[in-house]
Amino acid sequence: MGTTTRALTVPAVQDRKGAEPLVMVTAYDAPSARVAAAAGVDMVLVGDSLGMVVLGYPDTLHVTLEDMERATAAVSRGAPGHLVVADLPWTTYHQGWAEAVRSAARLVRAGASAVKLEGGAKRLAVLTALLDAEIPVMGHLGLTPQSVHAMGGYRVQGRMPDQARALVDDAVAVTDAGCFSLVLEGVPAPLAAEVTQVVPVPTIGIGAGAGCDGQVLVFHDLVGLSGPRVPRFVRRYADLEAQATSAVASWAADVRAHRFPDVAESYQA
Ligand code: KIV
């Protein structure tokens, strides 16, 4: 595998509507960002899923702006020149546009080129303020994890006709307002395809079928570092957890049997 540099800009992402599918993967630290960049993804998302995936929280609601700043800085150091999108965590944009701009600016100063926020028409004032501050915004509709309690759990959204209509209306509202792309998570494939037809910017699906303009997955799910149970929309391309366990176990056995370190692994003077 060669290292491919495909760093995109926000306008270049918009131009990919209906063209070659966009590829986005999460990263929360420099090594995973380096892997994502070397693999040639189009965008790296510092998702607030970091709370569940690497910090061990039960949901994303525990994630702080400081968590996101530190992860965003590490990712931008690991993937220099790549388009890094950072999630605005819960309650850093819900209390007014000024707070939202301040929060987003901290993520941009940490290395993000754009921020992502969850929600539809009710976020329009915040969205407009961020765009006025020249901060590009990626929308996120459908199964929005920051609404886990309001949704009554992590459930596919838009199965009922009225929910589906509301989701299309929200998609039109946030893209009309200026989102440069839109994540659709946990949405029936036909509905995601309909939204993709209706909105002028690329949709990026996760658990939303093949009819989107791109796909996003969580890095740890994709490479097999997130435990045995994953949602049905995940395809695993490696089992790094098994490989890492076996590597550490082999090293432990070598240490216990006095096979590690050898002469070449030691300083003689
Ligand atoms: O936080 C995250 O990883 C996300 C993706 C699932 C889109 O928002």
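In this predicted model, a polar side-chain atom of lysine 116 lies 2.8 Å from an oxygen atom of the ligand.

The residues around the ligand are Thr26, Leu45, Gly47, Asp48, Ser49, Asp87, Lys116, His140, Val183, Glu185 and Ile206. Sorted by class, this shell holds three nonpolar, four polar and four charged residues.

The second largest pocket is another feature to find in the structure. How much space lies in this pocket? The volume is about 490 Å³. It is lined by 24 residues, and the closest to its centre are Lys122, Gly142, Thr144, Ser147 and Met151. Strand S5 (137-142), helix H7 (148-151) and helix H8 (161-177) are the elements that each give two or more residues to the lining. By class, the lining of the second largest pocket has nine nonpolar, eleven polar and four charged residues.

Two details of the backbone can be looked up next. Most residues other than glycine have a negative phi, and most peptide bonds are trans. Glutamate 134 is not a glycine, yet its phi is positive, at about 65°. Where is glutamate 134 placed in the chain? Glutamate 134 sits in the loop between helix H6 (124-132) and strand S5. The other detail is a cis peptide bond between phenylalanine 260 and proline 261, with omega at about 0°. Proline 261 is found in the segment after helix H11 (240-256).

Finally, the chain can be viewed by domain. Domain 1 covers residues 10-238, and domain 2 covers residues 240-269. The centres of domain 1 and domain 2, taken over C-alpha atoms, are separated by 40 Å.

Definitions and conventions: Residues are numbered from 1 along each chain as its sequence is written. This is a predicted model: local features need pLDDT of at least 70, side-chain atom pairs count only at pLDDT 80 or more; totals for chains, interfaces and linings use all residues. Side-chain values use heavy atoms; hydrogens and water are left out. On a 1 Å grid over the protein atoms alone, a cavity is a set of points where a 1.4 Å probe fits but cannot get out, and a pocket is an open set with protein on both sides within 12 Å along at least five of seven lines; lining residues have an atom within 4 Å of a point. Grid points are joined across faces, edges and corners, and a volume is the space filled by probe spheres set on the points. Helices (H or I, at least four residues) and strands (E, at least two) are DSSP runs, numbered from the N terminus. Ala, Val, Leu, Ile, Met, Phe, Trp, Tyr, Cys and Pro count as nonpolar, Asp, Glu, Lys and Arg as charged, and the others, Gly among them, as polar. A residue is near a molecule or strand if one of its heavy atoms lies within 4 Å of it. A polar contact is a pair of N or O atoms within 3.5 Å; within protein, one must be able to donate a hydrogen and the other to accept it, and residues adjacent in sequence count only if both atoms are side-chain atoms. Domain bounds come from an automatic or database domain assignment.
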